Amino acid sequence: FINVYEPKYETAGKFWPIVHNSMIFSLVLMHAIAVGIFTIKKLSTASTLIFPLPVLTLLFNEYCRKRFLPNFIAYPAEVLIKKDREDQDDATIAEFFDSLAITYRHPAFLAVHHSGTGDSLNRPLLSSPET
């Protein structure tokens, strides 16, 4: 516990889009270098097979931007506050909260039904398969 690193700042995930963009740029640059090397080595088949890779990489980048970038822009607390304000105007939310309280009951809180016989004190917890 002596050498524990405590971060002095919190980025709240703002660094990940920068890392993603750097990785995509590096991949496209790697593809361009590979095409150049294959062309210099006169490997025309390998050179032509690499051409779809930058296109697929850029398509993957667009998918990630549409799918994941909004998660890094909007903070979850802001989204929840907005949802709470919308729920204040909803008339059915009171019914929802009433049903929510009784919807799930943990099995530990359910009533236990014991048999009326006093035999349960003498009977073992695990019975043998023969009985």
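**A guided tour of the model**

Begin with Lys42, which stands just after α1 and takes a positive phi of about 60°. Please bear in mind throughout that this is a predicted model.

**Stop 1**

Keep Lys42 selected. Lys42 belongs to the loop between α1 and α2. Its positive phi of about 60° occurs although Lys42 is not a glycine. This deserves a second look, because most residues other than glycine have a negative phi. Is Lys42 buried or exposed? Its relative accessible area is 73%, and since exposed means over 50%, Lys42 is exposed.

**Stop 1: the whole chain**

Now select everything. The protein contains five helices and zero strands. Read from the N terminus on, its elements follow the order α-α-α-α-α. Of its 131 residues, 11% count as buried. Consider next the contacts with a separation of 6 or more: 64% of them are accounted for by residues 24 or more positions apart.

**Stop 2: helix α1**

Select residues 16-40, which form helix α1.

Then colour Pro17, Ile24, His31, Ala34 and Val35, which are buried residues of α1. What covers the buried residues of α1 includes α2 (44-50) and α3 (52-73).

**Stop 3: α1 against α3**

Display α1 and α3 together. Two packed helices are described by the angle between their axes and the distance between the axes. Here the angle is about 175° and the axes of α1 and α3 are 10 Å apart. Angles over 145 degrees count as roughly antiparallel, and therefore α1 is roughly antiparallel to α3. On the α1 side, the residues making the contact include Trp16, Pro17, His20 and Asn21. On the α3 side, they include Leu53, Pro54, Phe60 and Cys64.

**Stop 4: Thr57**

Select Thr57 in helix α3. Thr57 is buried, because its relative accessible area is 10% and buried means under 20%. Which residues is Thr57 in contact with, leaving aside its neighbours within four places in sequence? They are Ile24, Leu27, Val28 and His31.

**Stop 5: Phe72**

Move along helix α3 to Phe72. At 27% relative accessibility, Phe72 counts as partly exposed. Not counting residues up to four places away in sequence, Phe72 touches Gly13, Lys14, Trp16 and Pro17. Select Phe15 as well: Phe15 and Phe72 are 57 residues apart along the chain, while their C-alpha atoms are separated by 9.0 Å.

**Stop 6: an aromatic pair**

Finally, show the rings of the aromatic residues. How many aromatic pairs are there? The count comes to one aromatic pair. Tyr63 and Phe68 form this pair, with 6.5 Å centre to centre and 85° between the planes. The pair is edge-to-face, because planes over 60 degrees apart count as such. Tyr63 is partly exposed, with a relative accessible area of 48%. Phe68 is also partly exposed, with a relative accessible area of 36%.

Technical notes. Residues numbered from 1 in each chain as written. Predicted model: local features only at pLDDT ≥ 70, side-chain atom pairs only at ≥ 80, totals over all residues. Heavy atoms only, no water. Helix = DSSP H or I, 4+ residues; strand = E, 2+ residues; numbered from the N terminus. Expected span 1.5 Å × (residues − 1). Buried < 20%, exposed > 50% of the residue type's maximum accessible area, 1.4 Å probe, protein only. Contact = heavy atoms within 4.5 Å. Phe/Tyr/Trp six-rings, centres within 6.5 Å; stacked < 30°, edge-to-face > 60°. Axes fitted to C-alpha atoms, helices over the stretch in contact; angles between N-to-C directions. Parallel < 35°, antiparallel > 145°, perpendicular 65-115°, else oblique.
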